[in-house]
Amino acid sequence: MELITGTLNGIIGSSGFALMTDFRQLIMIALACVLLYLGIVKKFEPLLLVGIAFGMLLTNLPGGEVYHTAMWITNSVDYGEVLRHGGLLDILYIGVKTGVYPSLIFMGVGAMTDFGPLIARPSSLFMGAAAQGGIFVALLMATLLGFAPNVAASIAIIGGADGPTAIWLTKILAPEYLGPIAIAAYSYMALIPLIQPPIMKLLTTEKERKIKMETLRPVTKTEKIIFPIMVTIITVLVLPSVAPLLGCLMLGNLFKECGVTDRLSDTVQNALMNIVTTFLGISVGATAVYDSFLSIDTIKIIVLGLTAFAFATACGLLFGKLMCVLSGGKINPLIGSAGVSAVPMAARVSQVVGQKYNPSNFLLMHAMGPNVAGVIGSAVAAGCLLKLFG
């Protein structure tokens, strides 16, 4: 009887219930369940949000030992120690810490994206660049709120609406804030259909929203092959720090367009993209540990992220209005809102809003130009911030 009692006491004493000593763990478990609900039921960016939420759930369930914050907060990470004594999510997190996952995600994005609209209308590049203005507005605001420059830069990149770029920059500049920044970035990307339309209606007139744009010129296969090669050469020579992200983005697109690597293109778009997305989501979610995530700073990051995203949308729209004037009313300024990096969701929002006011309007391919430019622009902006604060 004593043996049975001792065994039961041992099981109870080592259970997660006995190890749960902080009410904040319960809050994080509840928050993870809310995010799972948003991802599964509301379908908010489910491919990543479900993984992030489940990683958050695992890391806050006491006793699991799947992730150890202490291994990652040192200035010099001992990867041998991680492999020998780390938990499952510690090992998966190596891909985040080394920047492998975000770069491979960019390769998949490149392989799934048509750069033709940007090549057909190179001026779209300016709208994509203008939309990065939200990043620098948020950088200033974060600095004024007392964040260190490196942390402020990581928060500001949320305005690019590019989750992999936010993760890539944050894991270098402010790894201790990776959880809240990643969750904010992907949450706002998922909420694009709710956030952008009010700003679009506020900053454009009904007449502008009804503008019907001419069909884009056909883009040759040669142009599509040369474009990723030349962009890589020029951009990396100017800003070498963007080589991992931009290089992988352009390589993925080259796989798609060159015509001789169809198997590689298919693998990058599907199998590789799915594997990396799974590992990225669950390992990033693991960084949202209760004792660091539940803080005033996290609330500030959520607010600043929304501010950055709103200003990015506004900057793209205002530059779209300028191009509308300069083109003699031939460019619908709504496509400027697609200058944020969320491909192709932001372009779809431009299409939906434009068609609401003019049913014969088809802005999707026109909006893809600024949208693709936004991907390039966010990577370049991250490279600039890394150069300044890294």
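Val238 has a relative accessibility of 67% and therefore counts as exposed, the cut-off for that class being over 50%. In this predicted model, Val238 belongs to helix α16, which covers residues 221-238. The points below are grouped by topic.

**Surface patch**
- Val238 is part of a nonpolar patch on the surface, together with Ile226, Ile229, Met230, Ile233, Ile234 and Leu237.
- The accessible area of these patch residues together is about 680 Å².

**Largest pocket**
- The volume of the largest pocket is about 750 Å³.
- Its lining consists of 28 residues, and those nearest the pocket centre are Glu45, Val109, Met112, Met273 and Val343.
- By residue class, the lining comprises 18 nonpolar, seven polar and three charged residues.
- Helices that each supply at least two lining residues include α4 (46-60), α7 (100-112), α12 (163-173) and α13 (178-190).
- Also among them are α18 (262-285), α21 (345-357) and α22 (364-389).
- Helix α18 provides the largest share of the lining, with five residues.

- Thr298 is located in helix α20, which spans residues 296-326.
- Because its relative accessibility is 8%, Thr298 counts as buried, a class that requires a value under 20%.
- Thr298 and Ile181 are 117 residues apart along the chain, while their C-alpha atoms are separated by 8.2 Å.

Definitions and conventions
Residues numbered from 1 in each chain as written. Predicted model: local features only at pLDDT ≥ 70, side-chain atom pairs only at ≥ 80, totals over all residues. Heavy atoms only, no water. Patch = residues over 30% accessible without salt bridge, like charges linked within 9 Å, V, L, I, M, F, W, Y side chains within 5 Å. Areas by Shrake-Rupley, 256 points an atom, 1.4 Å probe, with all protein chains shown as cover. Salt bridge = Lys/Arg side-chain N within 4 Å of Asp/Glu carboxyl O. Helix = DSSP H or I, 4+ residues; strand = E, 2+ residues; numbered from the N terminus. Buried < 20%, exposed > 50% of the residue type's maximum accessible area, 1.4 Å probe, protein only. 1 Å grid on protein atoms, 1.4 Å probe; cavity = no way out; pocket = protein on both sides within 12 Å on 5 of 7 lines; lining within 4 Å. Points joined across faces, edges and corners; volume = space filled by probe spheres on them. Nonpolar A, V, L, I, M, F, W, Y, C, P; charged D, E, K, R; others polar.
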